[in-house]
Amino acid sequence: MNKHIGIILIFSALIISAFLGYILFGANQSEEDSQFLENMECIHELQQLDATWSMTALQVLSLPNSDFDRLAAFLPRFRELRNNLSNSELAGNQVPAPLETKLLSFLQQLEDKEQAIEQFKSNFAIVRNSLRYLPLAAKTLSSKIREIDDNQLAERIRDLEMHTNSYLNAPDEDSKKILVIKLSEIEQELMEFPADIVNPLENFVSHARVLVERKVFMDEITARVTSDQVAKFGSELLSLYKGYELTRAKVQDQLKSQRNLYILTGAALLAMIALIAGVYTYPNAIHFNKRLAEGVRKRTSELERKANVATESAAGAHQGKSMGSMGRMAATLAHEINTPLGYMSSNMEVLQNSNEKLNLLMEEFDSLDAVLEASDTEQVRSRMHALANVVNATREQAMLDEFPEIINDMGEGIAQIQHVVQELRDYSRKDNLEQDWFDLSQCIGNALKMVNHQIDDKIKIIKKLGTTPQIYGSQADMNQVVINLLSNATHAITEADRSTGIIKIATGVVDNAVVIDMLDNGKGMKKDAIDKVFEPFYTTRDVGEGTGLGLSIVQKIVWQHHGRIFVKSEPGRGTQFRVALPLKTKLTN
Amino acid sequence: MLFAVHITTVVAGAFGEPIKPIPDKVDVAPAKVKLGRILFHETALSKDGTLSCASCHKLTTGGTDRKKVSVGINQQQGNINSPTVYNSGLLFRQFWDGRAETLEDQIDGPIQNPLEMGNKWPEVVASLDQDPVYPMLFDSIYADGITRANIKDAIAEFERSLITPNSRFDRFLKGEASAINAQEKRGYRLFKRYGCVSCHQGVAVGGNMFQIFGVINSYFKQRGNITQADLGRFNVTGNPLDKHSFKVPSLRLAALTPPYLHDGNAATLRQAVDIMFKFQLGRMAPDEDKEDIVAFIKSLVGEHPEMKQ
């Protein structure tokens, strides 16, 4: 029973924590932010559109053959933005009253603008036509009147014309009133006039009236179209909105941190509940842990007994380990090649520079030579001076005496790169499958011959070669194994700085295996070095002193011969390598 | 944006003229246009299944039915003359009083007007749903299948495709001097000189502004019998200044769409021109001038494959 309750408690605690975690990190935040930015942009664009619209209207006024398509083209976008704004959160009911009022005023201004544009177009068309026609109407009328020879009427018409013109040029209320009266008067008398006059008079009066009514309106409507109300209200709306958004963000933050506090407290409580529940559910847990720890310890010591078997003999595991150090290999490889390349490249630069200086020298000499041909003593002397200077400079700057060293360095660099490439090839090459039966002692002999030059006089080699059966495999490879081991042993001793160094090579049969032992009293290795010693490119030597591939090659060859390799070492005392090959060994790839 | 997109062509010869040639192409989705065409001729849109859009906006007769007012379901007389559907995508608003801001919005009018198709949208969607072919057609274009919005979208797209470029006058604007004859050229000059062009301008030769009908002299005083429809834009804005104000119609296909004016009172182009002179321009003009103007208006007729039988 206890266990079930406990499990239920734990599960519900976990679920609730997850849920709380979700709330904690769940974000409505970013959505609100983007809404705010969108609305701000909307208002901005409306202001811009409004300004451009006004400008276009003024252009229409000034161009002779303009059409209204350009003015109508603003409508779709204007409408779209206005609708977006009216449907946005700004128009929602959480918005404070002043902001809402400001938005409504702004929207109203936009609507006024749209209407003003429409009035502008209609009015402009009418006024334009009438303004153009009025003089013509007056002329037609005058000529008709002259025909009927009515001087009084002619006088009246002229007076009317004058008043109209002066009003149009300088509109004011009083002259408007007078004009309107005059026009009405004459309109009422229209029927009394001769037939010929009626139409032209009617036309003239109509147009005059239209102009009187609409000219001032035209100025008003133009002012409305080009007013900055939209800009003004827009800016006010923007600043109010920004202020509102800032306060809201602050409040949000406060609420958020409060909420976070509650959640964290809740989560902590839940965690405690889960823990207590867990302890009650699994009272045996503590004992179980003790047993577990003991088991782990036993196993570890068992493994430690087999500690010298650092690697598995299965080819697959080998592959896995190699893959693991691929990265390190690549990096070390790059470093190994780049370093010599580096100082080779800088040496190249030096050579180049020197070459230039030498060229200068040649030139100087040539000019001297030319002068000598002319044999003018003064000139000769000055030329000699110049040459002397250049020679001295060259001597200083061309680094002529360093040439041998430079070239030598470069040669070494090239050799180093060659060495690395060779080792790489050795490591990765498809093995030379020249298989045959051979004697181990031959390998030892070959190896000693090849490594001889590396061995200092201080080092003493002791050979203890027992009787060993022949091994079937690749003698060349086994040579390599002994060479590498020997080389390592030599270096270990050199670096140990001993007065006498001893390397012991022994062969024999131990436990059904043919064994090669390589012992040295060199500087030894620490535990962590022993673990890594067979890894490709692992080396304790200085940069440029070794590729770190030697022992991994050895290991590979040993495994190919179905053997095993062991290492024991103590820092300051020495190292032992043992290669164990099975009797009647068979070569594997 | 779509309206603005249409105003793209500025041709060298046409620059500086108040009338611009209709662009040769319009940016529409071919699949939607095809579906829209079918819907345009679909009588199931009307309540009794007798009327389609094409009934009053017949494509082979200039995009109208050539009647004074159109006839709705149950033989009801409409209250205003049907304008042409051609080039309607070039107009800044739809309906004489401009109450629809887009082609899509306009479709709501006739469908739901009891005098016209007398239907309701749910019923329209339902009848199309039951049709064997429509669901597949709609699903191939619209993710959400047959909806009010998608029906409107397809029809509007089709309507947008109904532009009539390449009229003889447009070719003249583009620099082909011999595209119109001497009379038509004279007509254009007079059209400008008399001031007709102050309102009938732009790419649609109209359709981009409102104007009072009876500017100089009162048309309605003379005609009498004022109806709601005669109030025009006032019905939408309530602004007294907008009384008797109407959207200036496009003259592009005027030669093909008698009778004229919002009440269809002018049976011929010449009559319409007479009325315009009297009430809008407040001027007299000799017969030859008016004939020239009529000739000019006739040269505005462009081309569209649907116009032919």
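Is B:Cys199 buried or exposed?

Analyst: B:Cys199 counts as buried, at 12% relative accessibility. Buried means under 20% relative accessible area, exposed over 50%, and partly exposed in between, with a 1.4 Å probe and protein chains only. The model is predicted: local features need pLDDT of at least 70, side-chain atom pairs count only at pLDDT 80 or more, totals for chains, interfaces and linings use all residues, and side-chain values use heavy atoms, without hydrogens and water. Residues are numbered from 1 along each chain as its sequence is written, while chains are lettered from A and ligands numbered from 1 in the order in which they are written.

Next come the sulfur atoms. Over all chains, the structure holds zero disulfides, a disulfide being a pair of cysteine sulfur atoms within 2.5 Å. B:Cys199 is accordingly in none, and the nearest cysteine sulfur, that of B:Cys196, is 9.2 Å away. In chain A, A:Cys42 is also buried, with a relative accessible area of 6%.

Helices (H or I, at least four residues) and strands (E, at least two) are DSSP runs, numbered from the N terminus. Among contacts (heavy atoms within 4.5 Å) in chain B between residues at least 6 apart in sequence, 67% join residues at least 24 apart.

One helix of this chain shows burial in detail. Seven of the 10 residues of H4(B) are buried, so this helix is largely enclosed by the rest of the structure. The buried ones are B:Leu103, B:Gln106, B:Ile107, B:Asp108, B:Gly109, B:Pro110 and B:Ile111. They pack against helix H5 (121-130) and helix H7 (148-160) of chain B. B:Asp108, in this helix (residues 103-112), is buried at 14% relative accessibility. Beyond its neighbours within four places in sequence, B:Asp108 is in contact with B:Trp121, B:Arg148 and B:Lys152. The side chains of B:Asp108 and B:Trp121 are joined by a polar contact of 2.9 Å. A polar contact is a pair of N or O atoms within 3.5 Å; within protein, one must be able to donate a hydrogen and the other to accept it, and residues adjacent in sequence count only if both atoms are side-chain atoms.

Charged side chains also pair up. The structure holds 37 salt bridges over all chains, a salt bridge being a side-chain nitrogen of Lys or Arg within 4 Å of a carboxyl oxygen of Asp or Glu. In chain B, B:Glu17 forms one with B:Lys192, their closest N and O atoms being 2.9 Å apart. B:Glu17 lies in the loop between H1 and helix H2 (30-40) of chain B and B:Lys192 in helix H9, so the pair ties together parts that are 175 residues apart in sequence. B:Arg223 and B:Asp230 meet in another salt bridge, at 2.4 Å from N to O. Of these two, B:Arg223 is partly exposed at 26% relative accessibility, whereas B:Asp230 is buried at 2%.

Chain B also meets chain A. In this interface, 36 residues of chain B are in contact with 33 residues of chain A. The two chains bury about 2800 Å² between them, 52% of it on carbon and sulfur atoms; this area is the accessible area (1.4 Å probe) that two parts lose on being put together, summed over both. Four salt bridges cross the interface. A:Asp67 forms a salt bridge with B:Lys20, with the closest N and O atoms 2.8 Å apart. On the side of chain B that touches chain A, the elements giving two or more residues are helix H1 (2-6), helix H9 (182-193) and strand E1 (210-212). E1(B) gives the most, with three residues.

Chain A has 18 helices and seven strands, and buried residues make up 38% of its 589 residues. A:Val210 sits in helix H8 (residues 195-225) of chain A and is buried, with a relative accessible area of 4%. Not counting residues up to four places away in sequence, A:Val210 touches A:Ile126, A:Ser130, A:Lys215, B:Val215 and B:Ile216.
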